[in-house]
Amino acid sequence: MSEAFPDTFGKAFMAYYRGEKVSIIVRRDDDLVDEDSLEGYFRGYDDWFEVERKALQHVRGRVLDVGCGAGRNLLWLQEKGFTVTGVDVSPTAVEVARLRGARDCRIMDAKDLRLPPGSFETVIMMGNNFGIAGGVEPTKKMLRDLYRVTTEDGLIIATSRDPLDTDNPRHLAYHERNRQRGQPPGLVTIRLEFRGEIGPWFDLLLATPKEMSEIAEASGWHMEEVYRDETERWRGLYAAVLVKKN
Ligand SMILES: C[S@@+](CC[C@H](N)C(=O)[O-])C[C@H]1O[C@@H](n2cnc3c(N)ncnc32)[C@H](O)[C@@H]1O
């Protein structure tokens, strides 16, 4: 398991799965704190973000769910008749997804994908998982690996949140700090805290659609479609469809 990602998420998923009312703390390194009730990771199709539902209409063939978590997308696709492989770095998340019915769910780091070439037509990366590799270069490497494990007509469906679509002074100051360090504005360093257990810091890239497109182009992919969330609550959230360049 990646050192940068202990099982905090998985343990919280398990507690929620067992019916406990839990939440995790997501702390950014400027001490901005967000509380996540985990409910979103267990929602059914009707309660997903509209951008997710729209983008997932593009799914075809065998599917790889990268960072599948508790398996909400994987389980729905399975029900629709797709053959889905879920991978997650968290062993307990994988256990929860299996308990919920996932037929093929494996412990695997998205930064070290050990899968045969040409195995999947579609890759999905939901819940801001476009950015799970961290910085720009690790993300390009992950996309190049995904190029290898997909078929010639492969596609990636990924969500992220445009960090610039905000007027929150805390976020604007954080972006400025990143720029001064020569980093993308939305490269956030965060850690998860659950029931007194404190995970280590790790990087998550929140990419603007332009950044996602540039990273994709540099790694063998082309951004074909972008669905943006129009609600105030989820300002900046979007889902993109990346198609393989041949
Ligand atoms: C925000 S949750 C999203 C879960 C799911 N995709 C969803 O939308 O409900 C992020 C998930 O990605 C997993 N994850 C984070 N870094 C990962 C990595 N490097 N490789 C594989 N999984 C990772 C976490 O363990 C967690 O289950």
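Guide: Contact here means heavy atoms within 4.5 Å. This is a predicted model, in which local features need pLDDT of at least 70 and side-chain atom pairs count only at pLDDT 80 or more, while totals for chains, interfaces and linings use all residues. Residues are numbered from 1 along each chain as its sequence is written, and side-chain values use heavy atoms, with hydrogens and water left out.

Let's start at leucine 146. Beyond its neighbours within four places in sequence, leucine 146 is in contact with Leu64, Val66, Leu113, Val123, Met125, Ile156 and Trp221. Leu146 belongs to the largest nonpolar core, which has 29 residues. Such a core is a set of buried Ala, Val, Leu, Ile, Met, Phe, Trp, Tyr and Cys residues joined through side-chain atoms within 4.5 Å; buried means under 20% relative accessible area, exposed over 50%, and partly exposed in between (1.4 Å probe, protein chains only). Leu64, Leu146, Ile156, Met212 and Leu242 touch the most other members.

Where do these residues come from? At least two each are supplied by β3 (63–66), β6 (120–125), α5 (136–149), β7 (150–161), α7 (209–217), β11 (221–228) and β12 (237–244). Helices (H or I, at least four residues) and strands (E, at least two) are DSSP runs, numbered from the N terminus. The most comes from α5, which gives four residues. Apart from this core lies another, of 25 residues, with Ala55, Leu155, Leu237 and Val241 among them.

Aspartate 162 touches Ala207, Thr208, Pro209, Gly236 and Tyr238, leaving out residues up to four places away in sequence.
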